[in-house]
Structures are given as structure tokens and as C-alpha cells.
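Subject: Structure handover and findings

Hello,

The structure is pasted below, and my notes follow it. Please read them with the model open.

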Amino acid sequence: MPDQKPRLPRQLVVGEDSYPTFQADAMADYDQAISDYYTSRGSNARPETFTSLVRRHLGADQKHRDEIGAILKAQGFEMPQELK
């Protein structure tokens, strides 16, 4: 059984009638918890933080998103974020 992966703290993801405010200390604590989790795993251990995972994902090739958008548009899904 793998260890349970730490979850983002509630205060970073839940807001009432607004988006939650960014809390650098809570994010730093979560980055450390994720780093501890990934480095202590028996298999696939790696030096990683939540922030580094997000940065790598956002910097990766996003071609698949364009393909999915084209499929949805062809099926009649309205894409309100498109610039006209």
C-alpha cells in the first residue's frame, strides 16, 4: 500500500464568496510536505515539490489542449474564451 499523498491545505483552495488569498507560508509548508513524500517513496523517489510540478506542467507542450478544443468545437460546444 502506498503512502497517502499530502493534499493541498484547505485554506489554499477554498474561499467563501471569493477566491482564497495566496498564503506563501502555507504553500512553502505544502511544498516541503510534497518533497518529503516524493523523496521517501520506495519506488519512483525523486526530488520534487508541488510548485515544480505545476511549473513543469505549465511549461510543457500544450498541443493536446488545442486538439481537444477543436474536437469539442466540432461537436458544437461553445468556446466563450475564444477571441474573435
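With which residue does Glu 48 form a salt bridge, and how far apart are the closest N and O atoms? The partner is Arg 46, and the closest N and O atoms are 3.2 Å apart. A salt bridge here is a side-chain nitrogen of Lys or Arg within 4 Å of a carboxyl oxygen of Asp or Glu.

Before the rest, the basis of these notes. This is a predicted model, in which local features need pLDDT of at least 70 and side-chain atom pairs count only at pLDDT 80 or more, while totals for chains, interfaces and linings use all residues. Residues are numbered from 1 along each chain as its sequence is written, and side-chain values use heavy atoms, with hydrogens and water left out.

Salt bridges and Glu 48

The salt-bridge count comes to two. Besides the pair with Arg 46, Glu 48 meets Arg 56 in a salt bridge at 3.3 Å, N to O. Through shared partners, Arg 46, Glu 48 and Arg 56 are joined into one network. Side chains of opposite charge can pair when their charged atoms come close.

Glu 48 is placed in the loop between H2 and helix H3 (50-59). Helices are DSSP runs (H or I, at least four residues), numbered from the N terminus. Is Glu 48 buried or exposed? Glu 48 is buried, with a relative accessible area of 7%, whereas Arg 46 is partly exposed at 23%. The classes are buried under 20% relative accessible area, exposed over 50% and partly exposed in between, with a 1.4 Å probe and protein chains only.

The side chain of Glu 48 also makes a polar contact with the side chain of Ser 52, at 2.5 Å. The Arg 56 side chain is listed as a polar contact of the Glu 48 side chain as well, at 3.3 Å. A polar contact is a pair of N or O atoms within 3.5 Å; within protein, one must be able to donate a hydrogen and the other to accept it, and residues adjacent in sequence count only if both atoms are side-chain atoms.

Leaving out residues up to four places away in sequence, Glu 48 touches Ile 34, Ser 35, Tyr 38, Leu 53 and Arg 56. Contact means heavy atoms within 4.5 Å. Ser 35 lies in helix H2 and counts as buried at 18% relative accessibility.

Nonpolar core

Which residues make up the largest nonpolar core? The set has seven residues: Leu 12, Ala 26, Met 27, Tyr 30, Ile 34, Tyr 37 and Tyr 38. Helix H2 (residues 24-40) gives the largest share, six residues. A nonpolar core is a set of buried Ala, Val, Leu, Ile, Met, Phe, Trp, Tyr and Cys residues joined through side-chain atoms within 4.5 Å. In soluble globular proteins, nonpolar side chains tend to be buried together. Met 27 is in contact with Leu 8, Leu 12, Phe 22, Phe 50 and Thr 51, leaving aside its neighbours within four places in sequence.

Surface patch

Ile 68, Leu 72 and Phe 77 make a nonpolar surface patch of about 280 Å². Patches are made of residues with over 30% relative accessible area and no salt bridge; like charges are joined within 9 Å, and nonpolar side chains (Val, Leu, Ile, Met, Phe, Trp, Tyr) within 5 Å. Accessible areas come from the Shrake-Rupley method with a 1.4 Å probe, and for residues only the protein chains shown count as cover. Ile 68 is placed in helix H4 (residues 63-74) and is partly exposed at 46%.

Backbone and distances

Asp 17 has a positive phi of about 65° although it is not a glycine. Asp 17 is found in the loop between helix H1 (10-13) and H2 and is exposed, at 80%. Asn 44, also a residue other than glycine, has a positive phi near 60°. Asn 44 lies in the loop between H2 and H3 and is exposed, at 52%.

Gln 4 is in the segment before H1 and counts as exposed at 66%. Gln 4 and Tyr 37 are 33 residues apart in sequence and 8.7 Å apart in space, C-alpha to C-alpha. Gly 59, in helix H3, is 43 residues from Glu 16 in sequence and 31 Å from Glu 16 in space, C-alpha to C-alpha.

Regards

Conventions. Helix = DSSP H or I, 4+ residues; strand = E, 2+ residues; numbered from the N terminus.
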